[in-house]
Amino acid sequence: MAKDLFHEAVRQALLTDGWSVTHDGYRLMTDLLKDALTVDLGAERLITAERGIEKIAVEVKSFLGDSLIYDFHSAVGQMLVYQVNLDLQEPDRLLYLAIPEPTYERMSRQRVFEVVAERYKLNFVVYEPLNKQIVKWIAHNK
């Protein structure tokens with residue numbers, strides 16, 4: 001599977017943000033799947049001695065298509081399938097959709113994106129692709 005245009009930018013942003021990238025291609029293999037699925041990145045970081053290790057899986061999307069709603073529609077479907085399988089394989093790993101900051105700003109002007117994110121408990125990591133930095137984390141299912 002081809003990597004997203006901004007895959008390396010998000011990978012670098014996670015490293016800069018203190019994460020260790022443990023999987024550059026996190027494979028989901030559960031009894032629900034005939035073939036494995038692959039989320040773009042797996043990462044973890046030590047939070048505190050009491051809380052242990054926080055683990056995430058990140059699906060990177062550039063949202064460079066002609067229609068923002070279509071790109072979001074496609075990404076949401078992918079995330080829902082990933083979440084079901086991640087819950088079976090490693091339920092303590094949180095799934096995030098990586099979205100470029102300019103796209104997130106456009107999305108935030110339309111309420112449908114927030115309503116869908118809340119209803120389906122989607123998590124986002126908003127990134128700046130040129131500077132390779134994380135802008136914000138938005139969690140709906142913590």
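Modeller: Here, buried means under 20% relative accessible area, exposed means over 50%, and partly exposed lies in between (1.4 Å probe, protein chains only). This is a predicted model, so local features need pLDDT of at least 70 and side-chain atom pairs pLDDT 80 or more, while totals for chains, interfaces and linings use all residues. Residues are numbered from 1 along each chain, and side-chain values use heavy atoms, without hydrogens or water.

Biologist: R11 and D24 meet in a salt bridge, but how does D24 count at 35% relative accessibility?

Modeller: Their side chains come to 3.0 Å, N to O (a salt bridge puts a Lys or Arg side-chain nitrogen within 4 Å of an Asp or Glu carboxyl oxygen). R11 has 23% relative accessibility, so R11 is partly exposed. At 35%, D24 also counts as partly exposed.

Biologist: OK, and E59 pairs with K61. Which class does E59 get at its relative accessibility?

Modeller: The E59–K61 bridge is 3.4 Å, N to O. K61 has a relative accessible area of 22%, so K61 is partly exposed. E59 is at 3%, and therefore counts as buried.

Biologist: Which residues are linked with R93 in a network of salt bridges?

Modeller: R93 bridges to E90, with the closest N and O atoms 2.9 Å apart. Both of these residues are buried. The network joins R93 to K55, E90 and D92.

Biologist: Which residues have the most contacts inside the largest nonpolar core?

Modeller: A nonpolar core joins buried Ala, Val, Leu, Ile, Met, Phe, Trp, Tyr and Cys through side-chain atoms within 4.5 Å. The largest one has 23 residues, and the most contacts inside it belong to F72 and F124.
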